[in-house]
Structure formats: C-alpha cells, structure tokens
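Open the model in your viewer and keep the selection panel at hand. The stops below go from a sheet to a loop and then to a pocket.

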Amino acid sequence: MAPTPAGYHRTRVHVVSDVHGNARDLARAGEGADALICLGDLVLFLDYADHARGIFPDLFGVENADRIVALRTARRFEEAREFGARLWAGVGEDRASVIEEAVRKQYAEMFAAFPSPTYATYGNVDMPPLWREYAGPGTTVLDGERVEIGGLVFGFVGGGLRTPMRTPYEISDEEYAAKIEAVGEVDVLCTHIPPEVPELVYDTVARRFERGSRALLDAIRRTRPRYSLFGHVHQPLVRRMRIGATECVNVGHFAATGTPWALEW
C-alpha cells in the first residue's frame with residue numbers, strides 16, 4: 001500500500017446491523033472511527049439463541065417463547081400466528097400500547113448508546129415513527145437518501161420486504177424498489193436486507209432463505225457501487241462475495257458478535 005501523503009486524513013467508519021438490544025457493545029462500536037453506520041433492527045422482540053431475552057418472553061414467559069420459536073423454525077407460520085394470537089388475547093385491547101411501551105424502553109437505551117456522528121436506517125423489526133423522538137442531534141436517520149462521508153457518497157435504504165413473519169417494517173417490492181431508485185448511483189450502498197442472491201440470503205442456523213431484494217441486486221449490477229453493505233441474515237451461508245465490481249458484505253449479527261465491521265479509505 002502506498003504511504004499516506006503528509007497532512008492527509010484517512011477516513012474510517014464502523015458498520016453494525018441487527019443490534020437487537022445490545023446497547024453495551026453499541027456504546028463502544030464507534031471507538032476509533034470517524035462515524036458509525038447502523039443498518040437497523042435495534043429492537044429485540046425475541047432472541048432465537050436465548051429465548052429468555054426480549055419483549056415476547058418478558059410478557060409471556062420462556063416456555064411460550066420456546067413454543068413459538070419451534071413453530072416458526074418449522075415454518076409452521078399459521079400455527080405460530082394462531083398461538084401468538086391466543087397469548088395476545090390475554091393482553092386485551094392494550095396490545096399496541098404494551099408493545100410500544102416496551103419498544104420505547106429499548107429505543108431510549110439504544111439511541112443513547114449511539115456515538116456522534118451516527119448514520120442509521122431502519123430494520124424490518126423497527127418502528128420508524130418512533131425514531132424521530134429518540135434520535136439526538138448526532139444521529140442522522142436516512143431511508144431512500146444519500147449522505148457524503150469523507151468524500152464518498154453513501155446511500156441508505158431501510159426496512160424489509162413482506163414475509164409470513166409480518167414484522168413491523170415490511171414494505172412492498174415496488175415501494176422498496178422506488179427507494180433504491182431514489183438513492184441512485186453511490187459509492188457505498190447501505191441496506192438492511194441483502195441483494196437476492198441465494199448464498200447471501202440463506203441462514204444456516206434457521207435453515208431457511210430470508211427475503212433479499214431483486215431491485216437491490218439489479219441496482220448493484222447497474223450502478224456498480226464500491227460496496228454493498230447489509231445485515232438481516234444472522235448466519236449467512238456466505239458473508240462476503242463480489243458481484244461484478246461491487247464487494248457485497250454482510251456486516252454481521254451485532255447482537256451476537258458485539259464487533260463492528262470497519263471500512264477505511
């Protein structure tokens with residue numbers, strides 16, 4: 001590598017995704033970096049590795065969490081929905097307020113842990129309307145938008161596509177494609193979900209294909225960004241691969257690893 005010219009400042013950003021309640025490590029994730037990028041899923045509704053953690057077991061207990069994880073892992077989604085509906089029936093008409101109160105508690109902790117500056121977009125389990133209440137002046141929330149960091153243009157597209165899981169921020173393929181189009185040509189394309197490539201969307205522990213975006217894949221092939229960064233798939237078959245000129249990187253399940261992915265230029 002050529003030596004850095006005198007007076008030239010190299011830029012370093014740390015990138016995280018799928019934080020799922022890990023505020024302790026999030027508070028340290030920006031150390032040594034010029035900025036932190038977060039690609040969503042701050043909320044921990046149910047930890048598939050530890051069924052005692054999250055909003056669901058707090059409300060309904062670990063035994064019921066075990067049951068619903070088993071049903072979803074077996075792809076028995078209709079049974080899982082019926083089982084969940086019976087549990088939520090006991091909460092009554094206050095379901096929405098109970099969930100919002102629990103999410104607000106997590107968001108207060110998560111956003112307080114963000115360093116300054118942080119650039120963030122939503123994951124599929126996030127609740128976008130609440131973010132503006134918790135994002136401080138050092139946190140910039142972007143969705144279908146661009147920002148310049150250290151001379152490179154970063155584009156951000158949040159959320160996920162519709163699935164049988166029915167998580168809070170799932171949108172139509174058309175709406176997602178419109179956000180990808182709005183971002184246009186960038187140096188680094190930052191999304192919560194990966195492009196629709198089998199090796200990138202298959203979760204080896206859950207043993208299922210998650211939803212990736214065909215529009216994102218088409219944009220990568222067409223606009224050739226230097227990097228495509230994403231999360232969503234916690235244990236992918238492949239964490240990194242090239243698509244043409246673009247390095248595609250799953251930046252990791254931060255809740256489990258506690259370690260950000262670093263990009264320096």
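This is a predicted model.

Start by selecting residues 145–149 and 240–243. Now show the whole sheet: it is open, has six strands in the order β5-β6-β9-β12-β14-β13, and its pairing is mixed. On average, neighbouring strands of this sheet are turned by 20° against each other, direction ignored.

Next, select residues 152–157 and 188–191. These are β6 and β9, which run parallel and are joined by four bridges. Which residue of β9 is the bridge partner of Phe 156? The partner is Cys 190.

Move to Thr 167, in the loop between β7 (160–161) and β8 (170–171). Show side chains here: a polar contact of 2.7 Å joins those of Thr 167 and Glu 170. Leaving out residues up to four places away in sequence, Thr 167 touches Asn 124 and Val 125.

Last, go to the second largest pocket, with a volume of about 290 Å³. Select α5 (95–113) and α2 (55–60), each of which supplies at least two residues of the lining. Which of the elements gives the most to this lining? It is α5, with five residues. Among the lining residues are Arg 53, Asp 58, Lys 105 and Glu 109. Coloured by class, the lining shows five nonpolar, three polar and four charged residues.

Definitions and conventions
Residues numbered from 1 in each chain as written. Predicted model: local features only at pLDDT ≥ 70, side-chain atom pairs only at ≥ 80, totals over all residues. Heavy atoms only, no water. Pairing = 2+ DSSP bridges. Axes fitted to C-alpha atoms, helices over the stretch in contact; angles between N-to-C directions. Polar contact = N/O pair within 3.5 Å; in protein donor to acceptor, adjacent residues only side chain to side chain. Contact = heavy atoms within 4.5 Å. 1 Å grid on protein atoms, 1.4 Å probe; cavity = no way out; pocket = protein on both sides within 12 Å on 5 of 7 lines; lining within 4 Å. Points joined across faces, edges and corners; volume = space filled by probe spheres on them. Nonpolar A, V, L, I, M, F, W, Y, C, P; charged D, E, K, R; others polar.
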